[in-house]
Amino acid sequence: MQQRAINVILTGVTGTALAGMMVAGVAAASDDSAPKKQFLPQQAVAAQEHKSPERLADKGALGGFTAPKATAKSEADAKADSKAQPKKAAKPVKKGPKALLSGKTTASYFWDDGSGVNGDTGAPAGGKPMQKGLFASPSWPMHTKVKVTYKGRSITGFVGDRGPGEPSHRGVMLDLDTYTFRYLLDGKKPQSKYNAGSGEGHLKGVKWEVLSWGSGAGKKGMPRPFGS
């Protein structure tokens, strides 16, 4: 009996001691002085986990903020950008000089080099040798620049002689060199300097355009018959 009483007392003391130890452990766990788990900012968490803030932003990890995503430009924006691009300036079309005076006449042909062929005995009155593109006018100033056109073909020359003589009183107001005359007729070359080689002696309806007036002797304006 005495031994059993001692065991009960010891058992009670032991239980009380264990209970006290458990209470002390709970108290220690709830004590404010015990170290607490620290929570790092989400950016630091991202760095620790080797994740970029952009990826966290896509997942809504940064405080619920979602980073805007790049979107492709619309067709309207693309067209606007293309219009805004500077365009290469087109090269200006070169235009010839504007005619000061124009009209139509009947034209004949000649080649006067002072050789005496076909009765020609003197050099051109303008002081320049006979050549392709040298015309004769009964009244225009010497060295006047003239463009002649016939059947879509054109030649630009200058007044270098006087003529035709008497025919100018019948409306023939231009004498052309044989090369110009034959080219306007059919685009070919004359038989020789003195003969156009076409059987034609006149071209009716030749268009003339005065491009610039010469500084030599003569009269500006519409052509006048020789000697008038």
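**Helix H5 and its surroundings**

Modeller: Let us begin with a helix and its packing. The buried residues of helix H5 pack against strand S1 (101-110), strand S2 (134-136), strand S3 (145-150), strand S4 (153-161), strand S5 (172-177) and strand S6 (203-212). Please keep in mind throughout that this is a predicted model.

Biologist: Which residues of helix H5 are buried?

Modeller: Helix H5 covers residues 178-186, and its buried residues are Thr178, Thr180, Phe181, Arg182, Leu184 and Leu185.

Biologist: Which residue caps the N-terminal end of H5?

Modeller: That residue is Asp177, with a side-chain oxygen 3.1 Å from the backbone nitrogen of Tyr179. Just after H5, Gly187 adopts a positive phi of about 80 degrees.

**Asp177**

Biologist: Where is Asp177 found, and which side chain of opposite charge is nearest to it?

Modeller: Asp177 belongs to strand S5. A salt bridge requires a side-chain nitrogen of Lys or Arg within 4 Å of a carboxyl oxygen of Asp or Glu. Asp177 is buried but has no salt bridge, and the nearest side chain of opposite charge, Lys132, is 7.8 Å away.

Biologist: Which backbone nitrogen lies 2.9 Å from a polar atom of the Asp177 side chain?

Modeller: It is the backbone nitrogen of Gly133. When neighbours within four places in sequence are left aside, the residues in contact with Asp177 include Tyr109, Phe110, Trp111, Lys132, Gly133 and Leu134.

**Aromatic rings**

Biologist: Let us turn to the rings. How many aromatic pairs does a search of the whole structure find?

Modeller: The search finds four aromatic pairs. One of them joins Tyr109 and Phe181, with 4.8 Å from centre to centre and 50 degrees between the planes, and this pair is tilted. The pair links distant parts of the chain, since Tyr109 is in strand S1 and Phe181 is in helix H5, 72 residues apart.

Biologist: Are Tyr109 and Phe181 buried or partly exposed?

Modeller: Tyr109 has 23% relative accessibility, so this residue counts as partly exposed. Phe181 has a relative accessible area of 0% and is therefore buried.

Another pair, formed by Trp140 and Trp208, is edge-to-face, with 4.9 Å between the centres and 65 degrees between the planes. This pair also links distant parts of the chain: Trp140 is in the loop between S2 and S3, whereas Trp208 is in strand S6, 68 residues apart. Both Trp140 and Trp208 are buried.

Biologist: Which residues form one aromatic cluster?

Modeller: The cluster consists of Trp140, Trp208 and Trp213.

Biologist: Where does the charged end of Lys132 sit?

Modeller: The charged end of Lys132 is over the ring of Tyr179, 4.6 Å from the ring centre.

**Thr105**

Biologist: How should I read residues that are far apart in sequence? How many residues apart are Thr105 and Leu203?

Modeller: Thr105 and Leu203 are 98 residues apart in sequence, and their C-alpha atoms are 8.5 Å apart in space. Thr105 is in strand S1. Because its relative accessible area is 7%, Thr105 is buried. Not counting residues up to four places away in sequence, Thr105 touches several residues, among them Val172, Leu174, Leu203, Val206 and Trp208.

Biologist: What does the side chain of Thr105 reach at 3.0 Å?

Modeller: The side chain of Thr105 reaches the backbone oxygen of Gly171.

**Backbone angles**

Biologist: What is phi of His143, and what is phi of Lys151?

Modeller: For His143, phi is near 75 degrees, a positive value in a residue other than glycine. His143 is in the loop between S2 and S3, and its relative accessible area of 31% makes His143 partly exposed. For Lys151, phi is near 55 degrees, again a positive value in a residue other than glycine. Lys151 lies in the loop between S3 and S4 and, with a relative accessible area of 59%, is exposed.

Methods: Residues numbered from 1 in each chain as written. Predicted model: local features only at pLDDT ≥ 70, side-chain atom pairs only at ≥ 80, totals over all residues. Heavy atoms only, no water. Buried < 20%, exposed > 50% of the residue type's maximum accessible area, 1.4 Å probe, protein only. Helix = DSSP H or I, 4+ residues; strand = E, 2+ residues; numbered from the N terminus. Contact = heavy atoms within 4.5 Å. Polar contact = N/O pair within 3.5 Å; in protein donor to acceptor, adjacent residues only side chain to side chain. Lys, Arg positive; Asp, Glu negative; His and termini not counted. Phe/Tyr/Trp six-rings, centres within 6.5 Å; stacked < 30°, edge-to-face > 60°. Lys NZ or Arg CZ within 6 Å of the ring centre and 35° of its normal.
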